[in-house]
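Work through the exercises below with the sequence and the model at hand, and try each task before you read its solution.

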Amino acid sequence: MVRFTGFEILHLRLRLRSPFTTGYCSLREKDAVILRARTEDGHTGYGEAPVFGRPDYLPESVDTVIPVLSRHILPPLVERELGSVQELISTYAWVAGNGAAKTAVEQAFLDVRSQMTGVPLHRLWDGRRRHIEAGTSIGSATDLERTLHEIDAAIPYGYRRFKIKITPETAQSMLQAVRDRFAHVPLSADANGAYRVTDVDELVRLDRFGLLCIEQPLPPGDLLGHARVAGALSTPICLDESVERAEDAATIAHLRAASMVSIKPARAGGPSAALSLAAECRSQGLETWCGGMLETGIGRALCVHLSACEAFSLPAEISSTAQTFEQDVLKAPIEVADGRIDVPQSSGRGYEVDEDVLGRLVVGSTVVGRPG
Ligand SMILES: [Mg+2]
């Protein structure tokens, strides 16, 4: 039984090592929301609501997850006995959407649960991998020099996939310059929905760069358009923003709108929902990876454990935390070496949170129930 006595919702602000620029935004700092949960028997669980400061990439943001957690999801959990993750989820199943908020509370529960049962978090599912393969996302859609520099800096880590952000205006010149400098890196491109189906000929011209995939070329709702693009290109199409629920897998497979899917717990509605979605995608013949959202080490730890499960077939999108932030919240960074991350085998999340650093990064907090 897990019995929470109280929660702290911590709003953090972390300095990025280099600006992160996509079709949505350009960031020098990353806002984050961390949930710290205490239990009656002295366990502390952490979860992250993977959001940004503004509701541009996800409908949720710092300004939505804090009140949704503090007013709706967390109060009924204080001093309540919870026997399983299904029981936990059932307490807030009435809340529509808000997958990032739900991810935070489910992660905190799983963290505590795995500590109590003495197993690594991924063993609460069917996770068996001792190492996972990692890819990195280079966040600069408009600055060629910075993109080249960041790829150069990431090469020693041996990533299995280098993903760059593209826009219709910059794609050809950016990819040409990257290929001129790095002819053989395993490269993919993420358009974050910036093209329209009428740009199909422009997208076909990207085939010559030998990309592992083009991610989300068209807006999320345009599955028919993606089917047309996927039929015209030899480069595989990966969908990200388009995929929210398990039923989407059959639709994508039926339409042949993509052959790969990037799965994010926050979009799926939590880690359990993300695993169900990934399993459904695999059963429909789609390749899957666990996608990142510029999380702190706490959120990345969840992606490491999820990626230890067979439902994820391609390298996860988890960069080394030391590469992303000037200071992260974990005592030891999540490290990528030779393109791989060791999956922690100790009980719980397996990464120790640095409470001092965490405290220094807090810019606001809300308490529900008894404080620590
Ligand atoms: Mg993406």
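**Exercise 1.** In which sense do S2 and S3 pair, and over how many bridges?

Before the solution, note that this is a predicted model, in which local features need pLDDT of at least 70, side-chain atom pairs count only at pLDDT 80 or more, and totals for chains, interfaces and linings use all residues. Residues are numbered from 1 along each chain as its sequence is written.

Solution. Begin with the elements: helices (H or I, at least four residues) and strands (E, at least two) are DSSP runs, numbered from the N terminus. Two strands pair if DSSP finds at least two bridges between them; S2 and S3 do so in the antiparallel sense, over six bridges. Next, find Arg36, whose bridge partner in S3 is Tyr46. Finally, look at the four residues between the strands of this hairpin, where Gly42 takes a positive phi near 90°.

**Exercise 2.** Explain why S3 is described as largely enclosed by the rest of the structure.

Solution. A residue is buried if 20 or more other C-beta atoms, placed from the backbone, lie within 10 Å of its own. Five of the six residues of S3 are buried, and therefore the strand is largely enclosed.

**Exercise 3.** Describe how the chain is divided into domains, and how far apart their centres are.

Solution. An automatic or database domain assignment supplies the bounds: domain 1 covers 2-118 + 351-369, and domain 2 covers 123-342. Taken over C-alpha atoms, the centres of domain 1 and domain 2 are separated by 24 Å.

How values were computed
Buried ≥ 20, exposed ≤ 12 C-beta atoms within 10 Å, placed from the backbone.
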